[in-house]
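Here are my notes from an afternoon with this model.

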Amino acid sequence: MRSAWADAWRELVATARRTVADGLVVGTSGNVSVRVGDTVLVTPSGIAYDRLDPDEPCAVDLDGRPVAGDLVPTSELPMHLAVYRATGAAAIVHTHAVHATAVSALVDELPAIHYMAAALGGPVRVAPYATYGSEELAAHALEALRDRSGCLLRNHGTLVYADSLGRAYDDTAQLEWMCRVWLAAASVPGRAPSLLPPGELDRVAERLRGYGQRGRPARAEPPGPLPPRGG
């Protein structure tokens with residue numbers, strides 16, 4: 001199990017650093033976690049990701065009790081633990097992505113602007129605002145995630161879970177891209193974006209189940225590169 005922790009922690013550190021490089025977070029904002037059995041490896045609070053030690057994990061159990069490491073876990077630990085206890089999630093990525101955060105301040109749901117909404121279960125709900133790190137925010141997020149694997153957090157950012165860290169990151173990037181597309185389309189004066197009907201999302205969801213190469217993990221079709229950091 002300790003070996004599994006080590007591999008998972010190194011992947012977590014690499015993914016956390018990638019959120020900064022891809023412009024999904026700034027500074028120490030956002031957080032990443034992975035579940036290994038009944039242990040949750042999670043980014044610590046207030047530490048820049050380029051300073052994380054790939055060989056010194058921050059780990060807690062499903063009740064938040066420390067299991068390994070001396071660092072204090074992210075302040076959003078209640079939200080991560082709530083998702084793990086309520087779902088079959090193996091990994092969670094939470095970001096403060098620019099376009100997604102902007103959308104969260106404008107609407108109660110990101111409409112089906114693109115078929116990749118199906119990868120998250122459908123149009124993406126916006127969880128009501130609550131103070132970061134609070135049990136109230138965790139409860140709001142769980143409600144927004146009902147029959148979905150991703151949501152927006154009002155005036156805050158994104159929350160996505162999946163069966164692997166790679167998939168959680170890919171879906172987070174897709175969500176940010178869809179928010180960017182919706183903002184661009186919705187900003188055209190006198191025009192309203194066309195949206196996909198629910199039946200089409202169901203068809204896409206079925207096709208995505210078999211997407212990718214046989215014998216290899218499926219990956220959703222990439223929407224194109226992320227915008228430059230801060231763009």
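**Entry 1: cysteines**

I looked up Cys-58 first, and at 1% relative accessibility it counts as buried (buried means under 20% relative accessible area, exposed over 50%, partly exposed in between, with a 1.4 Å probe and protein chains only). Cys-151 is buried too, with a relative accessibility of 0%. How many disulfides does a search of the whole structure find? The search finds zero, taking a disulfide as a pair of cysteine sulfur atoms within 2.5 Å.

**Entry 2: what I am looking at**

I noted that this is a predicted model, where local features need pLDDT of at least 70, side-chain atom pairs count only at pLDDT 80 or more, and totals for chains, interfaces and linings use all residues. Residues are numbered from 1 along each chain as its sequence is written, and side-chain values use heavy atoms, with hydrogens and water left out.

I then checked pLDDT, the predictor's confidence in each residue from 0 to 100. The protein chain has a mean of 90, and 90% of its residues reach 70 or more. Over residues 213-231 pLDDT stays under 50, and the model has 29 contacts beyond four places in sequence for them (contact means heavy atoms within 4.5 Å).

**Entry 3: the sheet**

I traced the strands next. Helices (H or I, at least four residues) and strands (E, at least two) are DSSP runs, numbered from the N terminus. Two strands pair if DSSP finds at least two bridges between them.

I found an open sheet of nine strands with mixed pairing, in the order β4-β3-β2-β1-β5-β9-β8-β7-β6. At its edges stand β4 (66-68) and β6, each with a single partner strand, so one side of each has no neighbour in the sheet.

Val-34 has Leu-41 in β2 as its bridge partner.

**Entry 4: strand β9**

I followed its partners on both sides. Strand β5 (residues 91-95) runs antiparallel to β9, joined by five bridges, and Val-93 stands opposite Val-160. Strand β8 (residues 150-153) is also antiparallel to β9, through four bridges, with Leu-152 partnered to Thr-158. The β8 and β9 hairpin has three residues between its strands, and there Asn-155 takes a positive phi near 55°.

**Entry 5: cores**

I went looking for nonpolar cores, meaning sets of buried Ala, Val, Leu, Ile, Met, Phe, Trp, Tyr and Cys residues joined through side-chain atoms within 4.5 Å. The largest has 46 residues, of which Leu-41 and Leu-159 touch the most other members. Helix α1 (residues 2-21) gives the most to this core, with seven residues. A second, separate core has 26 residues, including Val-103, Ala-112, Met-116 and Cys-179.

I then listed contacts of Leu-159 beyond its neighbours within four places in sequence; among them are Met-79, Val-83, Ile-92, Val-93, Ala-141, Leu-145 and Cys-151.

**Entry 6: helices**

I checked Thr-172, which sits in helix α5 (residues 165-186). Thr-172 is buried at 1% relative accessible area. Beyond neighbours within four places, Thr-172 contacts Leu-24, Val-93, Thr-95, Thr-158 and Val-160.

In α4 (residues 135-144) I found Leu-137, Ala-138, Ala-141 and Ala-144 buried. They fall within an arc of 125° seen down the axis, so they line one face of the helix (the arc is that of the directions from the helix axis to the C-beta atoms). Their cover includes α2 (77-86), β7, β8 and β9.

In α6 (residues 198-208) the buried residues are Leu-201, Val-204 and Ala-205. They cover an arc of only 105°, which puts them on the same side of α6. Asp-202, Arg-203, Glu-206 and Arg-207 are exposed on the other side.

**Entry 7: His-114**

My last stop was His-114, in the loop between β6 (109-110) and β7 (124-127). His-114 has 18% relative accessibility and counts as buried. Leaving aside neighbours within four places, His-114 contacts Trp-177, Met-178, Leu-196 and Leu-201. I noted that His-114 and Trp-177 are 63 residues apart along the chain, with 9.8 Å between their C-alpha atoms.
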